[in-house]
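Please examine the sequence and the structure below. The briefing that follows describes the fold as a whole and then turns to selected residues.

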Amino acid sequence: AQWDETDSRAIADAASGIPTADAARLLLAHVQRYQEPRDPMIHYLRHIARHAPAIETEPLAGMVQRTIPQEIDLQIDLHEIARTGIADRGEAPPPAMRAWSEALVAHYLHPAYGAGMKPGDVSYRREQASRIAGDLRVVAAEPALLALFADAKSEPAARVAAGRALL
(Lines give C-alpha, C1' and ligand atoms only; values in the text may rest on other atoms or scores of the structure.)
Protein backbone atom coordinates (compact mmCIF):
# COMPACT_ATOMS: atom_id res chain seq x y z
CA ALA A 1 0.00 0.00 0.00
CA GLN A 2 1.10 3.55 -0.70
CA TRP A 3 0.52 6.31 1.83
CA ASP A 4 1.40 9.95 1.71
CA GLU A 5 4.39 11.05 3.76
CA THR A 6 2.36 12.16 6.79
CA ASP A 7 0.49 8.86 6.97
CA SER A 8 3.68 6.88 6.36
CA ARG A 9 5.42 8.64 9.26
CA ALA A 10 2.48 7.95 11.60
CA ILE A 11 2.36 4.30 10.54
CA ALA A 12 6.15 3.96 10.94
CA ASP A 13 5.96 5.43 14.43
CA ALA A 14 3.28 2.93 15.43
CA ALA A 15 4.97 -0.01 13.67
CA SER A 16 8.21 0.63 15.55
CA GLY A 17 6.48 -0.56 18.71
CA ILE A 18 5.27 -3.84 17.24
CA PRO A 19 7.88 -6.64 17.43
CA THR A 20 6.96 -8.51 14.24
CA ALA A 21 8.39 -9.15 10.78
CA ASP A 22 5.40 -7.38 9.21
CA ALA A 23 6.11 -4.23 11.23
CA ALA A 24 9.77 -4.44 10.21
CA ARG A 25 8.71 -4.66 6.55
CA LEU A 26 6.59 -1.52 6.92
CA LEU A 27 9.51 0.30 8.51
CA LEU A 28 11.92 -0.86 5.83
CA ALA A 29 9.59 0.40 3.10
CA HIS A 30 9.21 3.69 4.96
CA VAL A 31 12.94 4.37 5.44
CA GLN A 32 13.64 3.45 1.83
CA ARG A 33 11.11 6.05 0.71
CA TYR A 34 11.47 8.91 3.22
CA GLN A 35 14.40 10.53 4.96
CA GLU A 36 14.10 10.52 8.75
CA PRO A 37 16.00 12.51 11.38
CA ARG A 38 18.91 10.59 12.91
CA ASP A 39 17.30 9.35 16.14
CA PRO A 40 14.05 7.98 14.65
CA MET A 41 16.07 6.47 11.79
CA ILE A 42 18.34 4.62 14.24
CA HIS A 43 15.28 3.43 16.18
CA TYR A 44 13.70 2.15 12.94
CA LEU A 45 16.93 0.52 11.76
CA ARG A 46 17.22 -1.28 15.12
CA HIS A 47 13.69 -2.62 14.73
CA ILE A 48 14.32 -3.74 11.15
CA ALA A 49 17.59 -5.38 12.16
CA ARG A 50 15.96 -7.28 15.01
CA HIS A 51 12.73 -8.40 13.32
CA ALA A 52 13.01 -8.49 9.51
CA PRO A 53 13.68 -11.83 7.77
CA ALA A 54 17.33 -12.10 6.68
CA ILE A 55 16.57 -12.02 2.97
CA GLU A 56 14.73 -8.72 3.46
CA THR A 57 17.62 -7.13 5.36
CA GLU A 58 19.78 -6.97 2.21
CA PRO A 59 19.44 -3.15 1.97
CA LEU A 60 20.04 -2.67 5.71
CA ALA A 61 23.85 -2.59 5.58
CA GLY A 62 23.89 0.13 2.94
CA MET A 63 21.24 2.17 4.73
CA VAL A 64 23.14 2.08 8.02
CA GLN A 65 26.42 2.96 6.33
CA ARG A 66 24.81 5.90 4.50
CA THR A 67 22.84 7.14 7.53
CA ILE A 68 25.70 7.10 10.05
CA PRO A 69 28.93 6.82 8.01
CA GLN A 70 31.18 8.27 10.72
CA GLU A 71 29.63 6.36 13.64
CA ILE A 72 31.37 3.01 13.29
CA ASP A 73 30.68 2.03 16.92
CA LEU A 74 26.95 2.50 16.37
CA GLN A 75 27.24 0.59 13.09
CA ILE A 76 28.76 -2.45 14.77
CA ASP A 77 26.10 -2.30 17.48
CA LEU A 78 23.33 -2.26 14.84
CA HIS A 79 25.18 -5.00 12.97
CA GLU A 80 25.21 -7.17 16.09
CA ILE A 81 21.47 -6.63 16.61
CA ALA A 82 20.82 -7.73 13.02
CA ARG A 83 23.22 -10.67 13.26
CA THR A 84 21.62 -11.86 16.50
CA GLY A 85 18.11 -11.55 15.07
CA ILE A 86 19.08 -13.44 11.92
CA ALA A 87 20.84 -16.18 13.93
CA ASP A 88 17.92 -16.47 16.37
CA ARG A 89 15.64 -17.19 13.42
CA GLY A 90 18.10 -19.78 12.06
CA GLU A 91 18.72 -17.80 8.89
CA ALA A 92 21.92 -16.98 7.02
CA PRO A 93 22.97 -13.36 6.57
CA PRO A 94 22.49 -11.94 3.06
CA PRO A 95 25.62 -11.12 0.97
CA ALA A 96 25.51 -7.37 1.73
CA MET A 97 25.50 -8.17 5.44
CA ARG A 98 28.54 -10.43 4.99
CA ALA A 99 30.42 -7.64 3.18
CA TRP A 100 29.47 -5.20 5.96
CA SER A 101 30.68 -7.74 8.54
CA GLU A 102 34.03 -8.05 6.82
CA ALA A 103 34.45 -4.26 6.61
CA LEU A 104 33.71 -3.85 10.33
CA VAL A 105 36.09 -6.68 11.24
CA ALA A 106 38.85 -5.11 9.14
CA HIS A 107 38.29 -1.72 10.81
CA TYR A 108 38.40 -2.97 14.40
CA LEU A 109 41.23 -5.45 13.92
CA HIS A 110 43.45 -2.99 12.05
CA PRO A 111 46.65 -2.35 14.05
CA ALA A 112 46.06 1.42 14.05
CA TYR A 113 42.60 1.10 15.60
CA GLY A 114 42.42 2.37 19.15
CA ALA A 115 45.23 4.90 19.17
CA GLY A 116 44.45 7.38 21.95
CA MET A 117 41.46 5.41 23.23
CA LYS A 118 40.88 3.72 26.58
CA PRO A 119 42.17 0.13 26.50
CA GLY A 120 38.84 -1.24 27.73
CA ASP A 121 36.95 0.42 24.86
CA VAL A 122 39.43 -0.92 22.32
CA SER A 123 39.25 -4.39 23.84
CA TYR A 124 35.44 -4.44 23.75
CA ARG A 125 35.31 -3.57 20.05
CA ARG A 126 38.10 -5.99 19.18
CA GLU A 127 36.22 -8.72 21.04
CA GLN A 128 33.12 -7.96 18.95
CA ALA A 129 35.11 -8.00 15.73
CA SER A 130 36.84 -11.24 16.69
CA ARG A 131 33.48 -12.92 17.43
CA ILE A 132 32.12 -11.80 14.06
CA ALA A 133 35.27 -12.98 12.26
CA GLY A 134 35.10 -16.36 13.99
CA ASP A 135 31.37 -16.88 13.55
CA LEU A 136 31.51 -16.03 9.85
CA ARG A 137 34.93 -17.61 9.25
CA VAL A 138 36.39 -14.43 7.76
CA VAL A 139 39.61 -15.82 6.29
CA ALA A 140 40.97 -12.35 5.51
CA ALA A 141 40.93 -11.57 9.25
CA GLU A 142 43.17 -14.49 10.26
CA PRO A 143 46.49 -12.56 10.16
CA ALA A 144 45.02 -9.78 12.32
CA LEU A 145 43.48 -12.32 14.70
CA LEU A 146 46.83 -14.10 15.02
CA ALA A 147 48.58 -10.79 15.72
CA LEU A 148 46.01 -9.84 18.36
CA PHE A 149 46.20 -13.26 19.97
CA ALA A 150 49.99 -13.05 20.16
CA ASP A 151 50.12 -9.44 21.42
CA ALA A 152 50.94 -9.64 25.13
CA LYS A 153 50.10 -5.92 25.49
CA SER A 154 46.51 -6.38 24.37
CA GLU A 155 43.70 -6.86 26.87
CA PRO A 156 43.29 -10.54 27.84
CA ALA A 157 39.60 -10.64 26.84
CA ALA A 158 40.42 -9.44 23.31
CA ARG A 159 43.22 -11.99 23.04
CA VAL A 160 40.89 -14.79 24.17
CA ALA A 161 38.24 -13.72 21.64
CA ALA A 162 40.87 -13.68 18.86
CA GLY A 163 42.04 -17.15 19.89
CA ARG A 164 38.51 -18.52 19.86
CA ALA A 165 37.90 -17.00 16.43
CA LEU A 166 40.91 -18.87 15.09
CA LEU A 167 39.67 -22.28 16.31
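**Overview**

Buried residues make up 43% of the 167 residues in the protein, where buried means under 20% relative accessible area, exposed over 50%, and partly exposed in between (1.4 Å probe, protein chains only). This is a predicted model, in which local features need pLDDT of at least 70 and side-chain atom pairs count only at pLDDT 80 or more, while totals for chains, interfaces and linings use all residues. Residues are numbered from 1 along each chain as its sequence is written, and side-chain values use heavy atoms, with hydrogens and water left out.

**Overall fold**

- The secondary structure comprises 9 helices and 0 strands; helices (H or I, at least four residues) and strands (E, at least two) are DSSP runs, numbered from the N terminus.
- The C-alpha trace of the protein spans about 60 × 35 × 20 Å along its principal axes.
- Of the contacts between residues at least 6 apart in sequence, 60% join residues at least 24 apart; a contact means heavy atoms within 4.5 Å.

**Surface and charge**

- The protein exposes about 8,800 Å², and carbon and sulfur atoms supply 57% of this area; accessible areas come from the Shrake-Rupley method with a 1.4 Å probe, and for residues only the protein chains shown count as cover.
- The protein has 18 positive and 22 negative charges, whose mean positions are 6 Å apart.
- In this count Lys and Arg are positive and Asp and Glu negative, whereas His and the chain ends are not counted; the place of a charge is taken as NZ of Lys, CZ of Arg, CG of Asp or CD of Glu.

- Arg25 lies in helix α2, which covers residues 21-33.
- Arg25 is partly exposed, because its relative accessible area is 33%.
- Leaving aside neighbours within four places in sequence, Arg25 is in contact with Pro53 and Glu56.
- The side chains of Arg25 and Glu56 make a polar contact (2.7 Å); a polar contact is a pair of N or O atoms within 3.5 Å, and within protein one must be able to donate a hydrogen and the other to accept it, while residues adjacent in sequence count only if both atoms are side-chain atoms.
- Arg25 and Glu71 are 46 residues apart in sequence and 25 Å apart in space, C-alpha to C-alpha.
- His30 is also placed in helix α2, and His30 counts as buried because its relative accessibility is 2%.
- Apart from neighbours within four places in sequence, His30 is in contact with Ser8, Arg9, Ala12, Glu36 and Tyr44.

**The aromatic pair**

- The structure holds 1 aromatic pair.
- Tyr108 and Tyr113 form this pair, which is edge-to-face, with 4.9 Å centre to centre and 75° between the planes.
- Rings of Phe, Tyr and Trp (its six-membered ring) pair if their centres lie within 6.5 Å; planes under 30 degrees apart count as stacked, over 60 as edge-to-face and the rest as tilted.
- Tyr108 counts as buried at 0% relative accessibility, and Tyr113 counts as buried at 12%.

- Helix α9 (residues 156-166) has as its buried residues Ala158, Ala161, Ala162, Gly163 and Ala165.
- These buried residues of α9 pack against α7 (119-136) and α8 (142-150).
- Arg137 is placed in the loop between α7 and α8, and counts as partly exposed at 47% relative accessibility.
- Most residues other than glycine have a negative phi.
- Phi of Arg137, however, is near 55°, a positive value in a residue other than glycine.
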